[in-house]
Amino acid sequence: MEGVEKLWANSGDSHIVEPTDLFSKLPDHIRECMPRTVKDPSGAFETIHVDGQEWVRDLPQVDPNAPRKPRLNARPDGTTDDDFIERWFRGNTPAQRVADLDDEGVWAEVIYPGLGIWAFNIRTPEVARLGCRVMNEHMAEFQSHSPRFVCCASIPMVDVSDAVAEVRRTSADGFLIGFLPTKPPLTMPEYNDATWDPLWAAFAETGMRIGFHIGTEPVPANQRIGVYIRGRGAAVLNYVETTYGGQRAASQLITSGALNRHPELKVLVSEGGATWGPFLADRMDEGYRQHGAAVEPRLSKLPSEYLYEQVYASFQHDRSAVAANWAMGWRNVMWGSDYPHFEGTFGHTQKTLHELFDDTDPVTSHRVRIGAFQELFPTVPPPPS
């Protein structure tokens, strides 16, 4: 991309990798229940341990005979960071992370947990409460290094009163968004249940945004994570399956009346694409109108209006996502890098942004790259002009 104008963009989806000693100060019985991974010597899979449960997850494999592509941004000493594992951890250093963002043309970013994203499988209230507190203390310290870091607070989800308390505590600590799994823990009801009403009220009262990250449905112990379907096409089919959880969570908040009761409540669905928004809006409206005799509760507006006004979505490479804005009228579409994950845009962000936006009108381009993010997080400084 040498000689091509740099396009700046905010990211609605990225991650951090927590330090290995993050939970060291917790009591032994709590620390042993916190998320940890053990990689198989073959490198083909890892075992994830949470609260006395185990899951196996396949790891991306790299062909050792394939030519290595040099990184665009080499270190001053001339060495490169084209190794995936090294790249994974470089974002843990605030100064290095900012340098990577500058190289890639990413300004501000929503930062979800890394290993901590598995905390939604915790079953014990005390473990969830104390573990989330430690993760959030780490995120708060990291966020303090740059106004470009919008770190997500992890919310303990086994007890609603604990969840409400952590929303209020982390909001007071400067968090702008709280991370929730796309499906509640297996011991808890779905998000359309009245049990969760105090949590939605707490988010609304504090002004914190709700961040749903796809692929975060709790999984029964001893099942393979991310495997919904086996056999032919399974790799692609399983990736597609992960996107549906965010859509279900958003539709539950809409149809149960949570967004109707709290018009100030804003929801971000990260890494799940964006073209699903107009489809889901139409489908909910169809059900609301054509099956009105069975609809409960009644809403002040059509379901589509809540989605278009209060729900946002981030995508990475989707060619159709920008059209969800200019052709389908959903203004709450935003781009995301998924830094530093394997399937993200790191190393080719500018190429991706130019492919997505070079033929897009300036108003739409600005809205998707920058404007929707700024609307969600108005206190974050804007990128360079």
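Me: Does Glu271 count as buried or exposed, judged by its relative accessibility?

Reply: Burial is read from relative accessible area (buried under 20%, exposed over 50%, partly exposed in between, with a 1.4 Å probe and protein chains only). Glu271 has 8% relative accessibility, so Glu271 counts as buried. This model is predicted, so local features need pLDDT of at least 70 and side-chain atom pairs pLDDT 80 or more, whereas totals for chains, interfaces and linings use all residues. Residues are numbered from 1 along each chain as its sequence is written, and side-chain values use heavy atoms, without hydrogens or water.

Me: Where is the place of Glu271, and what is its phi?

Reply: Helices (H or I, at least four residues) and strands (E, at least two) are DSSP runs numbered from the N terminus. Glu271 belongs to the loop between strand E9 (267-270) and helix H10 (276-290). Its phi is near 70°, a positive value in a residue other than glycine.

Me: Which residues does Glu271 touch, not counting those up to four places away in sequence?

Reply: With contact taken as heavy atoms within 4.5 Å, Glu271 touches Asp13, His15, His213, Ile214, Tyr239, Ser314, Gln316, Asp338 and Glu343, leaving out residues up to four places away in sequence. For Val164, 107 residues away along the chain, the C-alpha atom is separated from that of Glu271 by 25 Å.

Me: Which residues does a cis peptide bond join?

Reply: The angle to read is omega. Tyr339 and Pro340 are joined by a cis peptide bond with omega of about 0°, and Pro340 is found in the loop between E11 and H13. Another cis peptide bond joins Glu296 and Pro297, with omega of about 5°. Pro297 lies in the loop between H10 and helix H11 (303-310).

Me: How many aromatic pairs does a search of the whole structure find?

Reply: Rings of Phe, Tyr and Trp (its six-membered ring) pair if their centres lie within 6.5 Å; planes under 30 degrees apart are stacked, over 60 edge-to-face, and the rest tilted. The search finds 10 such pairs. Tyr112 and Phe179 form an edge-to-face pair because their planes stand at 90°, with ring centres 5.8 Å apart. This pair links distant parts of the chain, 67 residues apart: Tyr112 is in strand E5 (residues 106-112) and Phe179 in strand E7 (residues 177-181). Tyr112 is buried at 0% relative accessible area, and Phe179 is buried at 4%.

Me: How do the rings of Tyr339 and Phe346 pair, and what is the angle between the planes?

Reply: Tyr339 and Phe346 are edge-to-face, with 80° between the planes and 5.1 Å from centre to centre. Tyr339 is buried, with a relative accessible area of 3%, and Phe346 is buried with 8%. Elsewhere, ring pairs link Tyr191, Trp196, Trp200 and Phe212 into a cluster.

Me: Which charged end sits over the ring of Trp107?

Reply: The test is that NZ of Lys or CZ of Arg lies within 6 Å of the ring centre and within 35 degrees of the ring normal. Arg148 places its charged end over the ring of Trp107, 4.0 Å from the centre. Lys301 lies over the face of Tyr306, 4.9 Å from the ring centre.

Me: How many residues has the largest nonpolar core?

Reply: In soluble globular proteins, nonpolar side chains tend to be buried together. A nonpolar core is a set of buried Ala, Val, Leu, Ile, Met, Phe, Trp, Tyr and Cys residues joined through side-chain atoms within 4.5 Å. The largest here has 63 residues, and Leu180, Leu199, Trp200 and Phe203 have the most contacts inside it. Trp200 touches residues including Leu180, Tyr191, Ile210, Leu253 and His262, not counting those up to four places away in sequence. A second, separate core has 39 residues, among them Leu26, Val110, Ala128 and Val219.
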